[in-house]
Amino acid sequence: MHSRVRPAAFLLCLVVGCSDNASVAIPSGPPTTLSIPNGAINTIVGSTLRYDASKGGTAFATGRGTLTYSVVFDGASNGLVATGAVISGQPSSPSVTWATVTATDPSGTSASDRFAIVAFTAGLPTPNLPVTPYRYADAAVPLPAHFAATIDGASVTATDNTPVDNAISDAGGALGRVLFYEARMSGNDGLSCAGCHSPFISFADAPQKSVGFAGGITGRHSPALANARFYKRGRFFWDERAPTLEAQVLRPIQDATEMGMTLDNLVAKLSATPYYPPLFTAAFGTSAITSDRVSRALAQYVRSLVSSDSRYDRAYAGSTSANFAAVFTSQEIVGERLFRSAGCIACHTTVAQVSDSVHNIGLDAVSADTGAGAGAFKAPSLRNVAVFPRYMHDGRFTTLEQVVDFFDAGVQANPNLDARLRAANGTPKRLGLSTTDKAALVAFLKTLTDSTFLTAARFANPFAPPSLPPTPPNATVTIQATAYHPQTLTVPPGTIVTWTNLDNARHSASFASSLVGATPIFRSGIEQLTMPTATGTYTYQCAVHGAAMRGTIIVQ
């Protein structure tokens, strides 16, 4: 026997469908929509999290009755569980967990919101930023006159790779500095860009190859970043694989060995960090955090790393012609001339000694690493080269003397060897430098050290805790055989110099400059003087033996 359906009920069934026993009406009102998105949520590894992704019922809006909620995690949940819209648990490791909360109304209409839960390592520091912001823009920190001038047919500023749409600003450089030293930029909160580019060694790295966030080893040595702005070709990495600095700065972050992040996770971590929205607002006008803005700010900071206050630069003293005799020793003057005559300046161009292109320099007869092609590599600026811990793309050399020896007599007959390193008959060029020549060339390269740059507060780690004033550096001069050893000493500003008298005869160290003064005349033991903070060349002599016993201390 069949049941009968009344006409009105039959029409309702056509609209909403019928069971055998009842009919359901569609609720009237607007469908479910996302009203207030969940932003990135921050928590601490090991702490207890309880988070309501419905925001107390305000995250979604509906006119169709009571909502029900569910949460799904993308992949591993890192110790978190979900009941309805509530996420709880204790994150077990630093990571970014993506979750999607879905709200469904009685009619089956739903809306979803995907967001990140960022678990940070406990105890991460916050930046200590100055009350008066540091300056980075060219208008505030202008380039020196000799960088803008055409000298020996070349100008430093002509090699500037700053794009017109990402000029350095004070706020952009300040944001970039924080990002550069930010450990949250890595997958485990353990490595920043500065972890492989230390300011104390011209933003290079000490090991031959760098150690990534999880202990992996990079494929090449981390190059120095000083004066990276000045490379006309505008490409970055040893092999030039990044077309711009803006592209380059994001690649180590995404590299599986180096920092182990995705750009989505990077944006989530920075968005979950309270001090970043104001920094992004200052730099870009709004608090929006994007990977493009990260790249622009980092590029601004790296381009601000201009080294222009070495003793070599001071020889120009605001002029476009150098007076090396005023600041160099006689040995350094010889070295500067050798730098030119030996052909070093052909590849290390301008008064900033920046690379002109990629070159195969004959490191090996057969190039195991092809670099930019045919074993060619880009070189960093030679500014601060004396403080580099390693040299070449593979970090094989550890001293300037080794580098000079290589170019003097060690260039290999590679089939792709740069023409500038070939003799007239096509064989590798041999410079034939004497021991004295080599020492002079190394002495000149040391004049490129810029202590002002290496210790500049505006380039330093903003996460470093406040500390006591640093212990002054110290150096020693030995007095023996009626002479000072070494006769010429180069020290940082404020160094305490100790003279040790081994002659058992009366000596002193009497400076011509009133900024230093003199030690007493002493027969044995030690005497000390503190060098001034003002950079310069300070000569002294023995008060007993006069000009026959002289020494020089260079403060730079």
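Which residues do ring pairs link into a cluster?

Analyst: The cluster is made of F180, Y181, F203, Y301, F453 and F459, linked by ring pairs. A pair here means rings of Phe, Tyr or Trp (its six-membered ring) with centres within 6.5 Å; planes under 30 degrees apart are stacked, over 60 edge-to-face, the rest tilted.

The model is predicted, so to speak of local features requires pLDDT of at least 70 and side-chain atom pairs count only at pLDDT 80 or more, while totals for chains, interfaces and linings use all residues. Numbering starts from 1 along each chain as its sequence is written, and side-chain values use heavy atoms, with hydrogens and water left out.

Aromatic pairs first. The whole structure holds 27 of them. One joins F147 and F230: the ring centres are 5.8 Å apart and the planes stand at 80°, so this pair is edge-to-face. It links distant parts of the chain. F147 sits in helix α2 (residues 145–148), and F230 sits in the loop between α3 and α4, 83 residues apart. Helices here are DSSP runs of H or I with at least four residues, strands are E runs of at least two, and both are numbered from the N terminus.

Y301 belongs to helix α8, and F459 to the loop between α13 (451–454) and β14 (474–479), so the pair ties together parts 158 residues apart in sequence. Y301 is buried at a relative accessible area of 0%. F459 counts as buried at 2%.

Ten of its 13 residues are buried, so α8 is largely enclosed by the rest of the structure. The buried set is R293, V294, S295, A297, L298, A299, Q300, Y301, V302 and R303. What covers these residues? The cover includes α3 (170–180), α4 (245–248), α5 (251–254), α6 (263–271) and α7 (276–284).

Take a residue of α7. F280 is found in that helix. F280 is buried, with a relative accessible area of 0%. Leaving out residues up to four places away in sequence, F280 touches L175, L270, G285, T286, S287, A288, I289, R293 and V294. Touching means heavy atoms within 4.5 Å. Among those partners, R293 and V294 are buried residues of α8. By contrast, R420 is 46 Å from F280, C-alpha to C-alpha, and 140 residues away in sequence.

One more residue, T329. T329 lies in the loop between α9 (311–314) and α10 (330–341). At 17% relative accessibility, T329 counts as buried. T329 touches T488 and I554, again leaving out residues up to four places away in sequence.

Back to the cluster. Y301 is one of its members. Y301 is also one of the buried residues of α8.

Technical notes
Buried means under 20% relative accessible area, exposed over 50%, partly exposed in between (1.4 Å probe, protein chains only).
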